[in-house]
Amino acid sequence: MTELRFRQEKSGCAARKFAEQVSDSQHPAADKDQPRPSIDAVARIFRPSRSVMTSARVSRRPWLLVFERRVPPTIDHLMGYTGGSDTLTQVELRFPSRDAAVAYAERQKLDYIVLDDRSR
């Protein structure tokens, strides 16, 4: 009986904290006409090299837009995994041309770096 009462008290406290957070974080809806603030991440626009497993020349390589890491990866010493909290590094956008990738980055107000294609 005391355990049940204790759980109810805890859930009431959690519900109260949640209600406070929700009331504090309620902001007016973002207007779509206003520009979005720039995120801290830097985008890298480049054309990846061809696979070493092929001997053919690849003429249709897309341009990629990937984000640089904002925080260093963490190592789980018990399992040996490397991970992190930065999920933006998992985003990889493909574009048919360099100009399309740059236009996207400017439209989204991203900080970006363009690495030129290394030709033979």
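## Fold at a glance

Helices, of at least four residues, and strands, of at least two, are DSSP runs numbered from the N terminus. On that basis, the elements of the chain run α-β-β-β-β-β-α-β from the N terminus on. That comes to two helices and six strands. The model is predicted.

## Contacts and surface

The chain has 120 residues, and 14% of them count as buried. Its accessible surface comes to about 10,400 Å². Carbon and sulfur atoms hold 52% of that surface.

Where does leucine 78 lie? Its place is the loop between β3 (74-75) and β4 (82-83). Leucine 78 has a relative accessible area of 76%, so it is exposed. The cut-off for exposed is over 50%.

## A positive phi at lysine 109

Most residues other than glycine have a negative phi. Lysine 109 has a positive one, near 60 degrees.

This lysine 109 is found in the loop between α2 (98-107) and β6 (111-114). Its relative accessible area is 39%, so lysine 109 is partly exposed. Partly exposed is the class between buried, under 20%, and exposed, over 50%.

Terms used:
Residues are numbered from 1 along each chain as its sequence is written. This is a predicted model: local features need pLDDT of at least 70, side-chain atom pairs count only at pLDDT 80 or more; totals for chains, interfaces and linings use all residues. Side-chain values use heavy atoms; hydrogens and water are left out. Buried means under 20% relative accessible area, exposed over 50%, partly exposed in between (1.4 Å probe, protein chains only). Accessible areas come from the Shrake-Rupley method with a 1.4 Å probe; for residues, only the protein chains shown count as cover.
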